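My notes follow in the order in which I looked.

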Amino acid sequence: MDALDPAIPVANNPFDLIADPFADSLDDEFFFPAEQHVRALDFMGQALWSRARLAVVTAESGCGKSLLIRRLVRDLDERVVLASVARQHSHPREFLLDILRQFGFSLEDEDKTDRRRLIERFLRHQASMGRICLLIVENMQAAHPLVLEELRLLATIEAEGTRVLKVLMLGGSSLNRVLDSPRMAESLMSVAPRFALTSLTEDQTAAYVAHRLRAAGSANPDVLMPHTLMQQIHVCTSGVPARINRLCSRALACAGEEGLQTVTVKALDQAIHELDLQGHALPAMMQEGGVSAASAWNPDSRLLIALQGLPDREVPLQGGRILIGRGEEADVRIDSVFVSRYHALIVRDGGHDLMLDLGSTNGLLVNSRRVLRRALQHRDMIQVGPAKVTYLNTKAEAVTMPDPGETISFARPGFPVAAGGDAEGSSVLAFGRPDNTANR
């Protein structure tokens, strides 16, 4: 993600945090597995190991492209020879020199070597050794036309009739216009797969903030940063992670300067003012009431968890968010290889207990239907891996009208197929809020 403001001081902070919750971090504990980010990583991995020679990821600045690239690169092995270029170049020779240095060559700026020819020999040699050469190029939407032309020529290099360089391009949405230009499309982009990385929804923003606070050592994220602030945070940041980090970091600092133990509406408003985000903020009359999500939580809400071989256990839903997963940090921990580390989240939303799938590998079944989002009703049966979880809340009796916010997914890519389902294809059929990440 984008570079952030300096971290709030960890030592002597009033929140007893062990790290800055909103710093730019590669630690697994801080990575929030939003569905679109998990899909983006899967897309890049498929592009690397498939026959595709080029793949494109576009997103608004701050949505996490660079973070995803670093996570992808971290897991590469010796079969992949990598060059990753992020800075902009005004001249193609600078661009080629950067690539050569990334591939391990030691060349001075004044070296007169034919750089393209040297790269061509290197690529062909690596191909003869059975290795994959991957070039990752960021911010190509702003590249000089001569640099784009040089990239086009590199991508056409062949050995024994096969192109030898894989290219992963990242940039803003305007990159699509560059790639669709006649000259680029003719030689490079006719069948290049593309993925558009979207910003976080309001629900994901709330889950993201809670996850980062928990990873930084907060025992109760909902007390530290109440759910009632999340609508304002989402509106001011448009759900862009780097902007969320910046605003939340400043709001924490404002609360700390006042000696508060929680981020208040006043502290958030001060942060919004200092970051000049007033033009994006909601008017006070449109914001949620001043009661925190934790205090508004219905004490009668609880989960009954049944797992074969273990006694049933009952978990009261205390606090504004309940994380379900395999990880030790989960509020409801289900120790099974069929359960993702961050599998699902229950949040308080407008008086309802809302269940969200966090991009889990094996999906979430509610009453035998594959669900991405659902306002829970009394005696809903939730399948989380091998565990059967019953939601109990007599104040959330079943209603006859359908939930307009529910999203049901069938045969989502990467999900196992339910009994009797069709294993072919990767279509998505959704009811309720549209799932625009399908077909990416």
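**Entry 1. Helix 3 and helix 5.** I began with a helix pair: helix 3 passes helix 5 in a right-handed crossing. A crossing is left-handed if the near helix is turned anticlockwise from the far one by less than a right angle, and right-handed if clockwise. The model is a predicted one, in which local features need pLDDT of at least 70 and side-chain atom pairs count only at pLDDT 80 or more, while totals for chains, interfaces and linings use all residues. Residues are numbered from 1 along each chain as its sequence is written, and side-chain values use heavy atoms, with hydrogens and water left out.

Helices (H or I, at least four residues) and strands (E, at least two) are DSSP runs, numbered from the N terminus. I read off the geometry of the pair: the axes of helix 3 (residues 92-102) and helix 5 (residues 145-155) come within 8 Å and cross at roughly 45°. Axes are lines fitted to C-alpha atoms, for helices over the stretch in contact, and angles run from 0 to 180 degrees between N-to-C directions. Helix 3 and helix 5 are therefore oblique to each other; angles under 35 degrees count as roughly parallel, over 145 as roughly antiparallel, 65 to 115 as roughly perpendicular and the rest as oblique. In contact terms (heavy atoms within 4.5 Å), Pro92, Phe95, Leu96 and Ile99 of helix 3 meet Leu146, Val147, Glu150, Leu151 and Leu154 of helix 5.

**Entry 2. Whole chain.** I counted 13 helices and 18 strands in the chain. Of its 440 residues, 49% are buried, where buried means under 20% relative accessible area, exposed over 50%, and partly exposed in between (1.4 Å probe, protein chains only). Among contacts between residues at least 6 apart in sequence, 62% join residues at least 24 apart.

**Entry 3. Helix 2 and Lys65.** Which residues of helix 2 are buried? In helix 2 (residues 65-74) I found Lys65, Leu67, Leu68, Ile69, Arg71 and Leu72 buried. Their cover includes helix 1 (35-49), strand 1 (54-59), strand 3 (132-138), strand 6 (165-171) and strand 7 (194-197).

I then looked at Lys65 by itself, and its relative accessibility is 11%. A polar atom of the Lys65 side chain lies 3.4 Å from the backbone oxygen of Ala59. Beyond neighbours within four places in sequence, Lys65 is in contact with Val57, Thr58, Ala59, Glu60, Leu170, Gly171 and Leu197.

Glu78 is exposed, at 65% relative accessibility.

**Entry 4. Nonpolar cores.** A nonpolar core here is a set of buried Ala, Val, Leu, Ile, Met, Phe, Trp, Tyr and Cys residues joined through side-chain atoms within 4.5 Å. The largest has 43 residues, and Val209, Met225, Ile233, Leu247, Leu252 and Val263 touch the most other members. At least two residues each come from helix 8 (202-215), helix 10 (230-237), helix 11 (241-257), helix 12 (265-274), strand 12 (344-349) and strand 13 (352-357). Helix 11 gives the most, seven residues.

I checked Ile233 in particular. Leaving aside neighbours within four places in sequence, Ile233 is in contact with Thr205, Met225, Ile244, Leu247, Cys248 and Leu268. Apart from this core lies another, of 35 residues, including Val85, Val137, Met140 and Val167.

**Entry 5. Helix 11 and helix 12.** These two pack at an angle of about 125°, with their axes 8 Å apart. That makes helix 11 oblique to helix 12. The crossing of helix 11 past helix 12 is right-handed. On the helix 11 side the contact is made by Leu247, Arg250, Ala251, Cys254, Ala255 and Glu257, and on the helix 12 side by Ala267, Leu268, Gln270, Ala271, Ile272 and Glu274.

**Entry 6. Loops.** Where is Thr228? I found Thr228 in the loop between helix 9 (221-224) and helix 10, buried at a relative accessible area of 13%.

Last, I looked at phi. Ser238, in the loop between helix 10 and helix 11, has a positive phi near 60° and is partly exposed at 36%. Asp276 has a positive phi of about 60° and is exposed at 60% relative accessibility.

Terms used. A polar contact is a pair of N or O atoms within 3.5 Å; within protein, one must be able to donate a hydrogen and the other to accept it, and residues adjacent in sequence count only if both atoms are side-chain atoms.
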